[in-house]
Amino acid sequence: AGVTGTVNVNMIDGATNAAVTNTSVNNETGVTANDVFVNAGDYTNSSGFVGTVGGTGIGAGVGLGSDTNTISREVSAVVEDSVNAKAFEVDADSAQGVSSFTVGAGVAGIGGGVAGVVTVTELNNATKAALLNSTVNADSVAVQATHTGIVNAGNVSVGAGIVGAGAGVSVGVLKDNSETTAEISGDSTDTTNKDTITSSDDVIVAAANTTTVNPMLSATGVGAGGIAGATSINNINSKVVTNITNIDITSNKGSISGTADNVVNVDAYMGSQAAGLGGAGVGVTVNTIDSTVQTNVNYSNLKAGKDINLTAKEERNIKQLATNATAGAAAAIGANIAVTNIGQEITDEDVKAKIAEANAAYGDDADSLLSDMGALETAGIASSEALPSVAAGYGGNKDSQITVNIIGGSLDADNNVTTAANETDHIEMT
């Protein structure tokens, strides 16, 4: 038997924080107020390539490959106290990118050729921009939190047995857990004398997130019995929130806007090819989207010389293509499954079974494949220290909603007051 295995694990953690607290800015007598910018920026990229080939003349040829990438980052920009400025900005900006490509081949002359490749990616990010318990006088004010997550993942497996079975299995799991928050809030213990934000021009409070996922999986099995399966599972859990709480905001000549925007882009391709005396191919792609997009204005008084705009928006652009090609002298079986669930748990038993199979390929504790290969033992690394727990989910884990919530306070604009919550879907399944 010829058995090979290649494993790659990238784990990136950390935080980037910028803060000005308990500090008075440009408030001394005789000091000329200029621009004040407080910015936290964090940009993280991870790239992995795994290739493995197992071959034998007689017996089993097995090639196993695994690429795991986890990124956990916290990014915040916070100001707390009094500020005089021309342009005043508090910005938190973060971006994470993962590129992963895994190739596995198992070839046997007489016997079974088995190839299995697994790609697992998890992004955990918290991005926050906040102006807290502050008195501000400025020409313009902007508090903005922006997050971008991009994942490109490719899996290719080929199992071939000249005399015997050929099995190719590709599994991809992505979990995006992002929270993006923009906030202006006053002292919640003093509801009589609220903190004040006074601007001669616009006041902007904005949280925005964009998640882009591009998985491509291909599985090929050729032999007396050809079996191929390609499974992609994408769990996208986005929370985008703008909070304006217990504060008086005045824009003398401009507008006041509070916005929460979320964009989800998924372009998934699954291909399975099986040929032999009996050929069976299955292509599966499952997306679960559990998003919360909110703009909340609580016990605050907003007064604008132009407009007041309070919005929450989500845009979903999803393309799913699952193909299979099967050929068998005795029997040929092909099946595709394409599912997108928004705000609800997967309940279809066939789909749940495929998610369970994907987890079993890697292990619910994300260590089965690695332990079987002995990679950690060889490196002298304890699994409890090095292995993330990344199991594909079934959706429905968060309170999915797109809302604008206004409680107490007042909204006064010389022109228009607009409140709107919108969702837009562009979904193609083939």
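Student: Which residues lie nearest the centre of the largest cavity, and how many line it?
Tutor: In this predicted model, the largest cavity has a lining of 13 residues, and those nearest its centre are Ala 153, Gly 172, Val 173, Leu 174 and Pro 215. A cavity here is a set of points on a 1 Å grid over the protein atoms alone where a 1.4 Å probe fits but cannot get out, and lining residues have an atom within 4 Å of a point.

Student: And how much space lies in it?
Tutor: The largest cavity holds about 70 Å³, counted as the space filled by probe spheres set on the points, and the structure has 1 cavity of 30 Å³ or more.

Student: Which strand gives the most to that lining?
Tutor: Strand E4 does, with 4 residues, while E4 (113-163), E5 (165-185), E7 (203-222) and E8 (225-245) each supply at least two. Strands (E, at least two residues) and helices (H or I, at least four) are DSSP runs, and the protein has 16 strands and 4 helices.

Student: Can I trust every bit of it, and how do I find a residue?
Tutor: Local features need pLDDT of at least 70 and side-chain atom pairs 80 or more, although totals for chains, interfaces and linings use all residues. Residues are numbered from 1 along each chain as its sequence is written, and side-chain values use heavy atoms, with hydrogens and water left out.

Student: New topic: in the largest nonpolar core, which residues touch the most other members?
Tutor: Those are Phe 88 and Ile 249, in a core of 40 residues, that is, buried Ala, Val, Leu, Ile, Met, Phe, Trp, Tyr and Cys residues joined through side-chain atoms within 4.5 Å. Strand E3 (residues 61-110) provides the largest share of this core, 8 residues. There is also a second, separate core of 16 residues, which includes Val 151, Val 264, Met 270 and Ile 318.

Student: What does Ile 249 touch?
Tutor: Leaving out residues up to four places away in sequence, Ile 249 touches Ile 184, Ile 197, Val 203, Ile 244, Ile 256, Asn 301, Leu 302 and Lys 303, where contact means heavy atoms within 4.5 Å.

Student: Last one: is Ile 346 buried or exposed?
Tutor: Ile 346 is buried, at 2% relative accessible area, since buried means under 20%, exposed over 50% and partly exposed in between (1.4 Å probe, protein chains only). Ile 346 sits in the loop between strand E13 (308-342) and helix H1 (349-362), and its C-alpha atom is 9.6 Å from that of Asn 287, which is 59 residues apart from it along the chain.

Technical notes. 1 Å grid on protein atoms, 1.4 Å probe; cavity = no way out; pocket = protein on both sides within 12 Å on 5 of 7 lines; lining within 4 Å.
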